[in-house]
Amino acid sequence: MTNPESPETADIVIVGGGIIGCLTAYYLAQRGLKPTVIEADGIASGASGTSAGWLTPYSHECDAAMLALSPATLRLHAGLAETLPAVTGIDHGYRPGAYLRCAVSDTGVTELREFQAQRASEGVDMEWLSGEETRAMSPWITAEVIAGLRSDNEPTVDSYRLTMSALQAAEMNGARVISGRVIGLLSSSEGAASGVRLEDGSEVHGGAVLLAMGPWSGEAATWLDHPVPVRPQRGQLVYLASPKDGDGPELEVGLNIVEHGGSLIRKRLSDTIVAASREFVGFDTSITTSARDELLLNAARLSDRIQNARISGQTACLRPYSADGRAYVGSVPGWDNAYLATGHSGEGIHYGPVTAAAVAGLIADGASEYDIAPLTPARAGNTTV
Ligand SMILES: Cc1cc2nc3c(=O)[nH]c(=O)nc-3n(C[C@H](O)[C@H](O)[C@H](O)COP(=O)(O)OP(=O)(O)OC[C@H]3O[C@@H](n4cnc5c(N)ncnc54)[C@H](O)[C@@H]3O)c2cc1C
């Protein structure tokens, strides 16, 4: 909580304690700046804490400008996997591992071939496997699978631990965290962002303001007098408990069925998850039996791991959905020192590091070493969600 009588001050005010806000705080603090993260709920209480944690650029529309940032974000993830646990003692479960996209019909085989050709044209080789060869990778793959495409560069992380670890490392370098809901932006007479106003009447002043509010980012449109076309897309996950002794090995390979979109991903620090529904139901984060049944049905065509598995949990959280499949990252038109970083839809964990490093560069040096020009919030004027 802040004191309404005496405003807090920070070098940079970051609104939102999800992966984008916390990683940006980390990179800014590494540059010697003192950011303050303001979070209305709990740190990583949104999708950043509940995601599947799969580091892939291929779960959404495969926007070309985003894809171009994928190698850089993978390199940054690998670096974070080295540095963060050493600094904070938190293992955030970064694990490289094989991932198999599978087909159960001729239509699926065609789709898989097209996917392979597209990736090859981008310089990414994926290995074609027969049904038998897929089953050699895991005994849990069903006889229904007739072909698979193997990828070895789509690791997984525990996104809750990654977000917490990044923030802890930032705090060790001078970042601060404030609990509270931001309700407006403060500006100087020259049109520069100079801080934020909170619901309790207090203010936090700063030399720059980053809005990293995930699916709630649309609220900032009135503060900025600029559209922020991001809306919530609910995603539900079902958790399967690890097999007991005698029930067979863990499912170590990630699996996806191209015809139906069902996925199974082994979270190394918890149970296997069955991912994920895509629903537009506003800010409703209820779990539903219909989503659970559909997710399990799709996954059962892919893997016998579903048979007799104990369901250990089900969660729902909200993706910050951007209609054109591209995040909004950069300076807000018409403002000095106001920045947006949001709209990563189902790939915010993957693109978190490159987004955060790019924004930190932009704020600290006035330029980013990564090409985020196509992600400019200026294009928002032409987009609707
Ligand atoms: C089911 C599911 C599975 C997913 N799986 C993957 C995956 O495998 N790989 C991947 O890369 N991505 C995945 N994603 C997407 C990823 O989780 C999101 O893109 C990412 O977490 C978004 O991070 P964020 O920081 O932008 O938003 P959030 O995590 O939503 O954080 C935003 C924060 O801002 C706070 N906030 C909002 N408004 C205010 C305010 N006015 N004042 C103060 N605080 C405020 C919120 O409380 C929230 O904590 C998945 C998403 C879902 C739903």
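Let's start at the ligand: one of its nitrogen atoms is 3.0 Å from a polar backbone atom of Val182. Keep in mind as you look around that this is a predicted model. A nitrogen atom of the ligand is 3.1 Å from a polar backbone atom of Ala40, and an oxygen atom of the ligand sits 3.5 Å from a polar backbone atom of Glu347. How much of the ligand does the protein bury? Taken alone, the ligand exposes 1000 Å², and the protein buries 98% of that.

Now widen your view to the shell around the ligand. The elements that each give two or more residues to this shell are helices H1 (19–30), H2 (47–50) and H10 (348–365), along with strands S2 (35–39), S10 (230–240) and S14 (311–322). In total, 36 residues surround the ligand, and the closest are Glu39, Ser48, Trp54, Ser345 and His350. Sorted by class, the shell has 17 nonpolar, 14 polar and 5 charged residues. Domain 1 (8–90 + 158–229 + 324–382) and domain 2 (99–153 + 232–322) each supply at least three residues of the shell.

Next, let's visit an empty space. Rolling a probe the size of a water molecule over the atoms shows where empty space is left. The second largest pocket holds about 270 Å³ of space. Its lining is made of 15 residues, and those nearest the centre are Pro57, Tyr58, Ser70, Pro71 and Val124. Which helix gives the most to this lining? Helix H4 (residues 70–88) does, with 3 residues. By class, the lining of the second largest pocket has 8 nonpolar, 3 polar and 4 charged residues.

Finally, where does this pocket lie relative to the domains? The second largest pocket lies between domain 1 and domain 2, because both give residues to its lining.

Methods
Residues are numbered from 1 along each chain as its sequence is written. This is a predicted model: local features need pLDDT of at least 70, side-chain atom pairs count only at pLDDT 80 or more; totals for chains, interfaces and linings use all residues. Side-chain values use heavy atoms; hydrogens and water are left out. On a 1 Å grid over the protein atoms alone, a cavity is a set of points where a 1.4 Å probe fits but cannot get out, and a pocket is an open set with protein on both sides within 12 Å along at least five of seven lines; lining residues have an atom within 4 Å of a point. Grid points are joined across faces, edges and corners, and a volume is the space filled by probe spheres set on the points. Helices (H or I, at least four residues) and strands (E, at least two) are DSSP runs, numbered from the N terminus. Ala, Val, Leu, Ile, Met, Phe, Trp, Tyr, Cys and Pro count as nonpolar, Asp, Glu, Lys and Arg as charged, and the others, Gly among them, as polar. Domain bounds come from an automatic or database domain assignment. A residue is near a molecule or strand if one of its heavy atoms lies within 4 Å of it. A polar contact is a pair of N or O atoms within 3.5 Å; within protein, one must be able to donate a hydrogen and the other to accept it, and residues adjacent in sequence count only if both atoms are side-chain atoms. Accessible areas come from the Shrake-Rupley method with a 1.4 Å probe; for residues, only the protein chains shown count as cover.
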